[in-house]
Amino acid sequence: MSIDLSLSRVKMLFNALPLYKRLTIHVAGTNGKGSVTAILSSIFHASHISVGRFNSPHLIDVWDAISINGHTVSEDAYRAVRTEVQYLNDAKGVGASNFEIMTATAAQIFERAFVDIAIFEVGLGGRLDATNVLPDNAIVASVITSIDLDHQQFLGNTLGAIAREKAGIARKGRPCILGSQRHSDVEIVVGEVVHAVGAHLVKAVKVSPRQSGDSATMYLPGCQPVKTHFLPWQTELEFDLPLLGAHQLDNLGTALTTLGIIMKEAVNSRLEHILGRISPSTLYNGVLETRWPGRLQSVALNIRNVTVLVDGAHNAASATALQSYLMTVTPIHNEGVLQMHSRRSPRTFILGLSFSPGKTPMDTLSPLLCPGDRVALVGFTDVDDMPWVKNVPLHELEAVAWDLVKDGEGTVHLFQHDGEEPQLQAIKRALMWAVDSVKEGEEIILAGSLYLVADFFRLIREQDLVR
């Protein structure tokens, strides 16, 4: 089974269901879109604005892609609505894909919950993604985060082609917020598409690190102290951002710009009363309370007091962001402070990659691995409702990894799944090897695929490995 990008089936499915009317923020991009949805959702929740959020892919369970007010919907609630959507799909011969059914299920859950606002993350691309069937009059803003090369077999082999697909979520007469971009040609293409549609382009504000002399307030451990200008109130605001990595400043800027624009445009509309609940304190607390699992997240294990830094870095851009983080900031957990490093020493990794035509293992691993690194390679389990997702064969990863770490004392170990044990056992063997290999005071880094991150979370949940 492969991905078939088309809106015809999902349109039929939506037309067979009760009309979707929730005010909606629609978010596309290569990297950062999940973080932006998490920040926005947390701000709304802290402001007593009921909010639904749909993310893709799911992390551990299929239904955790759908949340209301920061809490994953229950399995029973999810399956009840999913069964209804599936029945209509079958009865009318729509033939919708799993993701299309999932999108319709999320929309119906939010509609029945009467959420004040919903946030939908695009699954793949934008123009032909199932989420782009959401009605024009429901969309209050389209958002495009950082765009880079990924999924070229579906979206095109150039940044321009990919940008054009992602900008396809722009809606006539609505704001389209563009996050910070590494490539100038992306801004040009997005601007052309947005102008042609009749939307208006807004570039995200810059968020800057807050220096020690900027404020008398204390910095919170484990957070990035930052500041930015907030347009609706024409003032500079300070935040403590719990999402780590310099790239998260850009994501916060995109989220705050989106919020500022819809607040400005909500004047004299039904949204004005809802957004009027946002105050400086709810805005600050919403940012502070943001959680986005599996992205530069430290997990303390009860095995030798080891900590694992998990990150869903799966392409060249996100691997570069992870490497940048490793070269600048290392959490020291027993003190809850941040220690700065001018260069990166050899580290211990657990890595696995999913197969994606147009993206090679070298593309993802070369920005990340360094001579002397210790690497465990392992696969992930089959992904529910996504049968097209496959592991890159470990022997292919091995050749690339050895080439990158062989100078110095680098090592590469394969943890093959022999077919007679659950895949999670292979991951546990890789984890135990990493625990024995990691140096005191360092954390293990698990990355390369969000599906591997999900398996790690399943493993520590099932075997109670968290401290």
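Predicted model: local features only at pLDDT ≥ 70, side-chain atom pairs only at ≥ 80, totals over all residues.
Q: Which way does E5 pair with E1, and over how many bridges?
A: E5 and E1 pair in the parallel sense, over five bridges.

Q: Who stands opposite Thr-24 and Ile-25 over in E5?
A: For Thr-24, look at Ala-118. Ile-25 stands opposite Ile-119.

Q: And E2, how does that pair with E5?
A: In the parallel sense too: E2, residues 51-54, pairs with E5 over four bridges. Val-51 has Ile-117 as its bridge partner there.

Q: Back to E1. How many of its residues are buried?
A: Six of the six residues in E1 (residues 23-28) are buried, so the strand is largely enclosed by the rest of the structure.

Q: What's on each side of it?
A: Leu-23, Ile-25 and Val-27 are on one side, with Thr-24, His-26 and Ala-28 on the other. All of these are buried, and both faces of E1 are covered.

Q: How many bridges does E1 make with E6?
A: Five, with the two strands paired in the parallel sense. One you can look up is Val-27, whose bridge partner in E6 is Val-143.

Q: OK, zoom out. What's the strand order in the sheet?
A: The order is E4-E3-E2-E5-E1-E6-E7-E8, eight strands in an open sheet with mixed pairing. The edge strands are E4 (71-72) and E8 (200-203), each of which pairs on one side only.

Q: Which strands does H4 touch?
A: Helix H4 (residues 98-113) packs on the sheet and touches E2, E3 and E5. Its direction makes about 10° with that of E3.

Q: And where does H7 lie?
A: H7, residues 184-197, lies across E6, E7 (175-178) and E8. Relative to E8, helix H7 runs at about 150°.

Q: Switching to helix pairs. What's the crossing angle between H2 and H8?
A: Roughly 50°, and the axes of H2 (residues 33-46) and H8 (residues 247-265) come within 9 Å. The two are therefore oblique to each other.

Q: Left-handed or right-handed?
A: The H2 and H8 crossing is right-handed.

Q: Which residues make that contact?
A: From H2 you have Ser-35, Val-36, Ile-39, Leu-40, Ile-43 and Phe-44. They meet Gln-248, Asn-251, Leu-252, Thr-254, Ala-255, Leu-256, Thr-258, Leu-259 and Ile-262 in H8. By class, the contact has ten nonpolar, five polar and no charged residues.

Q: What is Ser-35 in contact with, sequence neighbours aside?
A: Leaving out neighbours within four places in sequence, Ser-35 is in contact with Leu-243, Gln-248, Asn-251 and Trp-292.

Q: What about H14 and H15, what angle do they cross at?
A: Roughly 90°, with the axes of H14 (residues 423-437) and H15 (residues 450-462) coming within 10 Å. That makes H14 roughly perpendicular to H15.

Q: Last one: where does Pro-135 lie?
A: Pro-135 is in the loop between E5 (117-121) and E6 (139-144). Leaving aside neighbours within four places in sequence, Pro-135 is in contact with Tyr-20 and Arg-171.

Q: How far is Pro-135 from Arg-22?
A: The two are 113 residues apart in sequence, and 9.5 Å apart in space, C-alpha to C-alpha.

Methods. Residues numbered from 1 in each chain as written. Heavy atoms only, no water. Axes fitted to C-alpha atoms, helices over the stretch in contact; angles between N-to-C directions. Parallel < 35°, antiparallel > 145°, perpendicular 65-115°, else oblique. Left-handed = near helix turned anticlockwise from the far one by under 90°. Contact = heavy atoms within 4.5 Å. Nonpolar A, V, L, I, M, F, W, Y, C, P; charged D, E, K, R; others polar. Buried < 20%, exposed > 50% of the residue type's maximum accessible area, 1.4 Å probe, protein only. Pairing = 2+ DSSP bridges.
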